[in-house]
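Take a look at the structure, and then let's walk through it.

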Number of protein chains: 2
Amino acid sequence: METTIKDIARKCGVAVSTVSRAINNHPDINPRTRELVLQTIAEHNYVPNNSARNLKRTASRTIAILVKGISNPLFSALVQMIEKEISRNKYNFFLQHVDELQDEIDVALELIKEKRLKGIVFLGGYFSHSKEKLKQLNVPFVLSTAGIQRLEDGTVGSCFSVDDQAESYKMTDFLCRLGHQRIAILGALEGDLSIGRLRLLGYREALIEHGRSVDERLIRYMKEDIPSYSMQNGYEVMKELLEEDLSFTAVYAISDMQAIGACKAIFQKGYRIPDDFAVAGFDGLPDTYYYEPSITTIKQPVEDIAKASIQALFHMIKDKEAVPGKVFAGHLFERESTARASETGGLYVKRRNETETGRYFK
Amino acid sequence: METTIKDIARKCGVAVSTVSRAINNHPDINPRTRELVLQTIAEHNYVPNNSARNLKRTASRTIAILVKGISNPLFSALVQMIEKEISRNKYNFFLQHVDELQDEIDVALELIKEKRLKGIVFLGGYFSHSKEKLKQLNVPFVLSTAGIQRLEDGTVGSCFSVDDQAESYKMTDFLCRLGHQRIAILGALEGDLSIGRLRLLGYREALIEHGRSVDERLIRYMKEDIPSYSMQNGYEVMKELLEEDLSFTAVYAISDMQAIGACKAIFQKGYRIPDDFAVAGFDGLPDTYYYEPSITTIKQPVEDIAKASIQALFHMIKDKEAVPGKVFAGHLFERESTARASETGGLYVKRRNETETGRYFK
DNA sequence: TTGTAAGCGTTATCAA
DNA sequence: TTGATAACGCTTACAA
């Protein structure tokens, strides 16, 4: 039989309420009694049952961080910052992963009741929930780095992230300005409705703006049977792309991991980066800095996003008023993996007859 | 006020026990009543309180996966396999991270009571707990990829991992056989008592076996103020190492991430890999395959470890008998980052006067 | 400073 | 097939 508060009370010859007081550091208890109780607890390895506590408690000081998917490297830094800030505010936190297929709102709903949560941070999970469903969440929450949601006001939750479409535009625009005429994109799963869609939109937009035609054959999606956003996925897709004769000089992967995979495929074919192909990623993971050559990418300001998210959450918790979300600017890091599309380079460059920013391509 | 089972009962004009039956799919309930109840539940967005359920329930079908630290990339694959197997057995699971500083046993102890857990999988966390403490865990558990523990039998928990010391020996031995006389190691935190210690032990052992002297200056520890086992940590430590005049030709990092960081430091100094320095890692992450040059490493058989762990756990749960742990062999992948120490290469090689496997160094 | 007792929201037992 | 009711283990008035 499990040890309960009653057993401890009996051993100590006191009432359960006294034991409870000792456990919870209540002021109105004789220090000597407290000592006795605490010691007995230690001796018997008594651990209070959290279900019972949560059931009885009307409130807690707990915030849950719900992370979608298990291996988004972008979140490591984010989570650490958020945790630190939560602790600083003397709240408890609770990091739980929610499966790619699970509905994070459902998980949240359960947790709110079960743990009497004070607030929730949703990480990733490219939110596309009905407003109605979000309404059920009757505690403050923030969405961090979740694809931008155009929420009507009145909603409790705020969204903190970069503008995926705009940043994607930025990168594609950058490649265009480097003189690349034909730019392939390594996208998300076909039919993706979250960041994959937004980043693809930005890509199209930039191409059109630059008067480039959008060649659908240069738009590639992730393979279903390989982990999403993985190096392997980028590698396999790039390998296929290289086998077709599509004459492009740059490839933009919508995640850094895919970009690294793409690099490998390029190297394995004996091509050089950036001489034969320019490669760009997205996210700004440390990996892009350490890779050889270092990879051009859009860095998401995770620290800022984390800080703003958690501050907003505490503001909502404490002052009970909604906080507007915020869009953060990403930062394009130009690294070694991209270079100007030159006349000499670019094995696949076959057509070079458009005008570009003062430069002439014959 | 939150909706409870009573509210639903009232709305439906039935007793709470009937609602409970509907929720829990009990057979002894009129299908019509069940429908009515379920519909009312949906209409009111009623979510049962898990604390109350867990409190009342005597048993569950839940297994917890407790992951130490937030960003060990090695675990992604492991977790996925374990999850799949748990679902296949029609159990629920529950993935929670435990902070680097938290005691995972304490967390487990709470969870056991709170959730009436059936079993626990500890991931990482390089277990060094007293047997006494482990005894408190009165549910079956397995340790996966946690530094090998020499548990006396009688313990419920089994340990599944590689033999870190032996594998580390293997890698160091490999580098020695390539002719490297002076091999630096990028270790864990100084004073580490888990895998860091074991891998360092294997390194020393191999050097001694090969008649190499152990130069303490070539043993480097992670920097405290930089994330552990990170690329950045490897990079910074390697940078320092390169600035001293220690004449070594190979560096063995006890994690792949550190190895990648080390590579960057080497490249930045203008040296070549493997010509000037051989670099080896440990873990067998995909990253080492995709890096340029690909990195020699010891691959941990995570799939096998995952499979064996979870199978053992279910065996313990179902048949209530202890299962012995198992040690898995790692697989050394020789890649592009290591090569034979040649007479010509090795900028730092200054002394080459030892005999080595049939080769003569002047 | 301590004890008594009510009740948190469920499930399970028993009787109807 | 259903309903009443007693737990589950704890916290918290309120009383002493």
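This is a predicted model: local features need pLDDT of at least 70, side-chain atom pairs count only at pLDDT 80 or more; totals for chains, interfaces and linings use all residues.

## Fold of chain A

Among contacts in chain A with a separation of 6 or more, 70% join residues 24 or more positions apart. The chain holds 13 helices and 14 strands, and 46% of its 362 residues are buried.

Two domains are assigned in chain A: domain 1 covers 61-162 + 301-329, and domain 2 covers 165-300 + 334-356. Where they touch, ten residues of domain 1 are in contact with nine residues of domain 2. The domain 1 side of this meeting place is made up of seven nonpolar and three polar residues, with no charged ones.

## The nonpolar core

Which residues touch the most other members of the largest nonpolar core? In this set of 100 residues, they are A:Val251, A:Ala262, B:Val251 and B:Ala262.

Leaving aside residues up to four places away in sequence, B:Ala262 touches B:Leu186, B:Gly234, B:Tyr235, B:Met238, B:Val251, B:Ala253 and B:Val279.

## How the two chains are related

Chain B can be superposed on chain A by a rotation of 180 degrees with 0.2 Å of shift along its axis, giving an RMSD of 0.2 Å. That is the relation of a two-fold axis. If you want to find the axis on screen, go to B:Ser51: of the residues of chain B, B:Ser51 comes closest to the rotation axis, with its C-alpha at 2.2 Å.

The copies meet through the same surface, because 100% of the interface residues of chain B are also interface residues in chain A.

## Around the DNA strands

There are 27 residues around DNA strand C, and A:Ser17, A:Asn30, B:Ile5, B:Ser17 and B:Ser20 come nearest. In chain A, α2 (16-23) and α4 (50-56) each supply at least two residues of this surface, as do α1 (5-12), α2 (16-23) and α4 (50-56) in chain B.

Which element gives the most to the surface near DNA strand D? That is α2(A), with five residues.

Conventions
Residues are numbered from 1 along each chain as its sequence is written. Chains are lettered from A and ligands numbered from 1 in the order in which they are written. A residue is near a molecule or strand if its C-beta atom, placed from the backbone, lies within 6 Å of it. Helices (H or I, at least four residues) and strands (E, at least two) are DSSP runs, numbered from the N terminus. A residue is buried if 20 or more other C-beta atoms lie within 10 Å of its own, exposed if 12 or fewer, and partly exposed in between; C-beta atoms are placed from the backbone. Two residues are in contact if their C-beta atoms, placed from the backbone, lie within 7 Å. Domain bounds come from an automatic or database domain assignment. Ala, Val, Leu, Ile, Met, Phe, Trp, Tyr, Cys and Pro count as nonpolar, Asp, Glu, Lys and Arg as charged, and the others, Gly among them, as polar. A nonpolar core is a set of buried Ala, Val, Leu, Ile, Met, Phe, Trp, Tyr and Cys residues joined through C-beta atoms within 7 Å. Copies are superposed by least squares on the C-alpha atoms of residues with pLDDT of at least 70 in both.
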